[in-house]
Amino acid sequence: MSIMSRYLILISIFCVFSISTNASNTDYLKKIAYYNQRIENCELEEIPIIADSIFNFIKLHESDKTIPERDLQLLKATTYNDLGYYLNELNLNDKGLKYYQLAYDIHSKWNSLGGIASALNNIGMIYKDQGNLRKAAEFIFRSITYNEKLGNVIEISAAYDNLGNIYYIQGELDLAQKFFKKSLDLSTKKNYKKEMAFALNNIASTYVEQEKYDTALMCYEKSLIIRKKLGNVALAPIYNNMAFMHRRLGHPDKAMEYYNLAIESVKSDKDIGLGASYLGMANVFRENGKNEEAFTYAQKAYALYKELNVRENMANASLLLHQLYAEKKDFANAYFFLKQYSINRDSTENQKSKKAIYRQQLQFEYDKKVFADSLKTNEERKVIDAQLQQEKTQRFALYGGLVLVVLFSVFVFNRLKVTQKQKAIIEIKEKETNHQKRLVEEKQKEIIDSINYAKRIQSTLMASERSLSQNLKEHFILFKPKDIVSGDFYWTAQQDNLFYLACCDSTGHGVPGAFMSLLNIGFLAEAIKEKNILQPGEIFNYVRGRLVETISNEDHKDGFDGIILCFDQNSKTITYAAANNNPVLISSSQSTLAGGIGRPGDVELVDLPHDKMPVGKGEKSESFTTYTIEATKDDVLYLFTDGYPDQFGGGKGKKFKYKQFGELLISIHQQDFTVQKEKLVTAFDNWRGDLDQVDDVCVIGIKL
């Protein structure tokens, strides 16, 4: 229940008291005003004490005929409302709901419209907290109807905000945005600054979910301006949100600026907003290669969340510390924080499961009521049948018919017994089936959670956008795994003046392919970083040897097909090795038509040479060749795995094929690299249509 709701109800009751009493009730009115003021301004823990005093006061004056019963009853309803608020704040939702319902009943009896509206809204918010979103929306809509009759604009605005939150939780972002904007429009018309700031924040949240970060940032900036004008309003959450937007937009310096502003704005070293700032700064440091600073702030965040016992945030901090320790090869601490992540994540999931169980209980109660009603109807029918049967027995002429009825009843009874047995068997089977289904769903969820975590690990080992942007002129990466995790991977490494880029297709896809990709990345890193092997061909020779001695045998020939490029940043030369896959070079002359597209005769697509053997155990075991790329300025080099050309689709369900893929590359190679990626994605999706993706897809474009 909002503070404004409580205030409006108390004022309306005070007005009723003023009208319904006379001069002789002066002491009584003073006492009512005193109680109203106390319960309006008291601390949360004082509510039960004041409520007890009010109930004693009501009991004392119930027999006083000079005091209108309506006044006492509405005071009782207000007290019930406050007790509901108190219990809800203590997470005792069921008990809070009981008191809100009592308040609603009294307000309805005495036709107190403001009290009815407030109680309906509060009941709706209880249902929201319990996860019963359908009931929550129903009660909040009802509260809006009453507030519209009263012209309570601020309460209508708050109700729209609550509805937006309900649809936001359900993932219906367009509906959520619609109600948040309604709230903003109403509060703007009445110049309610605080409500305007809340609505802007909520609208921004929907844009974040839609990955419209620029638009979300604009909403946060407007909200910040209003909050600063209000004064005495927490600014840390809005600063943290703006910092997160700048992180997403690739502005690390601006992100750090806003995280520092958030830290400066908090008034307590136990503020949960500090944890969000520390964790955000840790992520920015890590994304920019400053792991020691990232350690410092991640540990601060974890310590604060642990002290405040905020499980979900502890899980996020634990995961980041696990990744930092793993990169540092401190496996003992990495394992410790991985375990902490699992414990705290499971605790958060348990809370969500409780809400899901509550929804199931609601359905069970409904089904039970329907069943009870059907039993009652059956009993009534039996009584009527018995009465008719009694009348028939009094008629001697119908004895013969009675005999037939009895015989028929015996037959029906026997069939009923058979039907009941069959129904019991079916119910047992259904219970077993439902139990098995729940077990399968639980196991499936555990597997998917594990695979999603494996995806995070795989993503941390792949090439970062920062590394690519620092070493390549212009480029794009199109990466579309067939499943959650991928056998395809792209990877970079820096060794002195040499920059390496690999585009590879491991044996298999999904989880097996992902395991192979992690192993392959590990061996590539070992060759360059630990063994100081610098020639691309020799790197592939080393990795093949490690794969053969580690996992290959006569039946299993695991490894990968792929390409590794080496950019010498001093000599400006490019060398590469290629296993069962070749780079494609597209060269254009300088003469172009209007619009910058070269004439068809000016474009040449060259399939660069490669070795026809995998990195792994195969029919051949010759050494891999190190090739040199002869290119001119603005030539475009493409690396790709076989997932794109092997995709089935089109009108006849055939493969896309390499020839069509080459023609597509020629048609787009002179365009902006962001546009190239978009056109490749569009062409792939249009070709695939309703068919499943058959393999992982990885395409890399580089301007030389």
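In this predicted model, the side chain of His61 gets to within 2.9 Å of the backbone oxygen of Phe57, a polar contact in the sense of an N or O pair within 3.5 Å, where, within protein, one atom must be able to donate a hydrogen and the other to accept it, and where residues adjacent in sequence count only if both atoms are side-chain atoms. His61 sits in helix α3 (residues 47-61); helices here are DSSP runs of H or I with at least four residues, strands are runs of E with at least two, and both are numbered from the N terminus. With a relative accessible area of 17%, His61 is buried (buried is under 20%, exposed over 50%, partly exposed in between, using a 1.4 Å probe and protein chains only). Leaving aside residues up to four places away in sequence, His61 touches Ile67 and Leu72, a contact being heavy atoms within 4.5 Å.

A word on the ground rules. Residues are numbered from 1 along each chain as its sequence is written, and side-chain values use heavy atoms, with hydrogens and water left out. Since the model is predicted, local features need pLDDT of at least 70 and side-chain atom pairs count only at pLDDT 80 or more, while totals for chains, interfaces and linings use all residues.

On the whole-chain level, the protein chain has 23 helices and 13 strands. Of its 704 residues, 42% count as buried. The accessible surface comes to about 38500 Å², with 53% of that belonging to carbon and sulfur atoms; the areas are from the Shrake-Rupley method with a 1.4 Å probe, and for residues only the protein chains shown count as cover. Take the contacts between residues at least 6 apart in sequence, and 64% of them join residues at least 24 apart.

Back among the helices, Ser157 is part of helix α8 (residues 153-169) and is buried, with a relative accessible area of 1%. Its contacts, again not counting residues up to four places away in sequence, are Ser183, Leu186, Ser187 and Glu195. Phe198, in helix α10 (residues 193-209), is partly exposed at 41% relative accessible area. Between Phe198 and Ala158 there are 40 residues of sequence separation and 9.5 Å of space, C-alpha to C-alpha.

Further along, Val412 belongs to helix α18 (residues 399-461) and counts as partly exposed, at 37% relative accessibility. Together with Phe408 and Phe411, Val412 makes a nonpolar surface patch of about 310 Å². Such patches are built from residues with over 30% relative accessible area and no salt bridge, where like charges are joined within 9 Å and nonpolar side chains (Val, Leu, Ile, Met, Phe, Trp, Tyr) within 5 Å.

As for strands, β13 (residues 697-703) is mostly covered, with six of its seven residues buried. Strand β1 (residues 474-480) runs antiparallel to β13 and is joined to it by seven bridges; strands pair if DSSP finds at least two bridges between them. Within that pairing, Leu478 stands opposite Val699 in β13. Strand β10 (residues 636-640) also pairs with β13 in the antiparallel sense, over five bridges, and here Tyr638 has Gly701 of β13 as its bridge partner. In a regular strand the side chains alternate between the two faces of the sheet.

The structure holds 13 salt bridges, each a side-chain nitrogen of Lys or Arg within 4 Å of a carboxyl oxygen of Asp or Glu. One of them ties Lys703 to Glu474, with the closest N and O atoms 3.7 Å apart. This pair links distant parts of the chain, with Lys703 in strand β13 and Glu474 in strand β1, 229 residues apart. Glu474 is partly exposed, with a relative accessible area of 31%. Arg247 forms a salt bridge with Glu287, the closest N and O atoms being 2.6 Å apart. Here too the link is between distant parts of the chain: Arg247 is in helix α12 (residues 236-248) and Glu287 in helix α14 (residues 272-287), 40 residues apart. Arg247 counts as buried at 16% relative accessibility, whereas Glu287 is partly exposed at 39%. The side chains of Asp129 and Lys128 also meet in a salt bridge (4.0 Å, N to O); Asp129 is partly exposed, at 28% relative accessible area, while Lys128 counts as buried at 17%. Finally, Glu526, Arg546 and Glu549 are linked in a network of salt bridges.
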